[in-house]
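Here's a quick briefing to read with the model open beside you. Have a look at the fold below, then work through the notes.

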Amino acid sequence: MLPARARLTRRPEFASTIRRGRRAGRSRLVVHLDLTRPGGVPEHVSPRAGFVVSKAVGNAVVRHRVTRRLRHLVADRLETLPPGAALVVRALPPAGTASSAELGADLDSALRAARRPRNRNGTRRSEPAQDGPR
RNA sequence: CGAGUCGGUCGGGCGGCCGCGUCGGGAACCGGGUUCCGAUCCGGGGCCCGUCGAGGAAAGUCCGGACUCCACAGGGCAGGGUGGUUGCCAACGGCAACCCGGGGCGACCCGCGGGACAGUGCCACAGAGAACAGACCGCCUCCGAUCCCCGGAUCGGCGGUGAGGGUGAAACGGUGGUGUAAGAGACCACCAGCACCCCGGGUGACCGGGGUGGCUCGGUAAACCCCACCCGGAGCAAGGUCGAGAGGCCGCACACGCGUGCGGCUGCGCAGGCGUUCGAGGGCUGCCCGCCCGAGCCUGCGGGUGGACCGCUGGAGCCUGCCGGCGACGGCAGGCCGAGAUGGAUGGUCGCCGAACGGUGCACCGUGAGGUGCCCGGGAACAGGAUCCGGCUUACAGACCGGCUCGUCCG
């Protein structure tokens, strides 16, 4: 568990971050990063993060292991995010068998892509290979 | 020593660095209240120290309870569950012991184990015939024809026959005899089985013995059904406390007015339909009868809040000893406290040790299959709480301990 002030806890927060944040997909995970603070949220709060690990990743043991690994990886990188940012990391099925080093590489790469200002005229939005239902 | 069987315990260990949640304590800080100020009081987040922090199945959610809310006026009909006996248990569809049937040399294992003379249904394929069945071959008497060695053979027909062949999971008891044209429980003896009666044993399921009877009367109830017993509904998103809120009304302040702010009360607005002792709508497990409550209820559109806390973990609890009991279990005494998260903690990472397994490696033992030790590689099963217990079922790499049985060898 992250420190309480660094956690996303409510469903609307997850929904708005996924809907409005910049998305960057890699083979094992997808990152949604929302840097635009919506009205009402003070700008002095620390960056916050949440995780989405669906049943497609594996059974409860696998899902919890993936969540814990991602949590530790994100905790190390949380200070690099601007204040007030909201981050949602969504695990994809290959994450269930990946090592922490592999997950960390994907996370770093995706975070760099999400923080880079998008000036490519919206063409060639890098979609993750698989983003099926569920 | 080998083979087997039953039961129990455990289910990776150690360390470095970084990190999380609960509870308790501590020093300071911030905010509020009070005050002239401070102390005291209330609240808050971070820091430091200590404490505890997943499983034998936490799983499947299949049973049973505790707990919470609703109901408690009954009767009938439906519906669901259980099914040898006696016990244990809070309860159970669970557990123990025993009985019966089957398997095993044995320890032991397996069995949704009431009723098929209350009724209804079904019994594939094969087979001539499958439920008060059935003449395909065969057997037998009689009649007719043909042939010849005059008594038989062959063919055909009216009949008899369920003993033999063949089919099948199953063919209407088995063996021996009497009997007959050939045969048949047609009759007889014994055996098996069925029904009833008597005696003895057992709390009981049932067991042992004896007698009588008619001669044999299939299976299936996880088919309907019958019998006996049991069963209110929903579930911790149960349920409760506090707060917030749109709209409405009132008061106060500002304002000419529209309106804005604050406080109090109520807890949304609009449209349509039904209804107020001629009763809408509820409740009593489903339906019917009956009974009770009863002034609101239903539909559509629009809007608001959608937060915190309690429930929440000390319990049919765990360990040890003694006593009772074949046992499940019960009683007594002493000791112990072992998770309470809520986008959900109990971890991440690195190093060492390490079982299974693999090796064309080395040494030793053995005639041999092979075994033992060392070395190298290899790296740990199934799986994670979400109100809590008792069970069941399913998944599972391996390690250890004990009881018992059979076989072999030695004494």
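Predicted model: local features only at pLDDT ≥ 70, side-chain atom pairs only at ≥ 80, totals over all residues.

"Buried" here means under 20% relative accessible area, "exposed" means over 50%, and "partly exposed" sits in between (1.4 Å probe, protein chains only). Residues are numbered from 1 along each chain as its sequence is written, chains are lettered from A and ligands numbered from 1 in the order in which they are written, and side-chain values use heavy atoms, with hydrogens and water left out.

**Overall layout**
- Chain A has three helices and four strands; helices (H or I, at least four residues) and strands (E, at least two) are DSSP runs, numbered from the N terminus.
- Reading from the N terminus, the order is α-β-β-β-α-β-α.
- Take contacts (heavy atoms within 4.5 Å) between residues at least 6 apart in sequence: 80% of these in chain A join residues at least 24 apart.

**Helix α2**
- This helix covers residues 60-77, 18 residues in total, and reaches 26 Å from first C-alpha to last, close to the 26 Å expected at 1.5 Å a residue. The expected span is 1.5 Å times one less than the number of residues.
- Its buried residues are Val62, Val66, Thr67, Leu70, Leu73, Val74 and Arg77. Seen down the axis of α2, they fall within an arc of 135 degrees, so they line one face of the helix; the arc is that of the directions from the helix axis to the C-beta atoms.
- On the other side of α2, Val61, His72 and Asp76 are exposed.
- What do the buried residues of α2 pack against? Their partners are β2 (29-34), β3 (48-53), β4 (86-91) and α3 (100-115).

**Where α2 meets α3**
- The two helices α2 and α3 pack at about 45 degrees, with their axes 10 Å apart. That makes α2 oblique to α3. Angles under 35 degrees count as roughly parallel, over 145 as roughly antiparallel, 65 to 115 as roughly perpendicular and the rest as oblique. Axes are lines fitted to C-alpha atoms, for helices over the stretch in contact, and angles run from 0 to 180 degrees between N-to-C directions.
- From α2, Arg69, Leu70, Leu73, Val74 and Arg77 meet Ser100, Leu103, Gly104, Leu107, Asp108 and Leu111 of α3.

**Val89**
- Val89 lies in strand β4 and is buried, with a relative accessible area of 0%.
- Leaving aside residues up to four places away in sequence, Val89 touches Leu29, Val30, Val31, Gly50, Phe51, Val52, Leu70, Val74 and Leu107.
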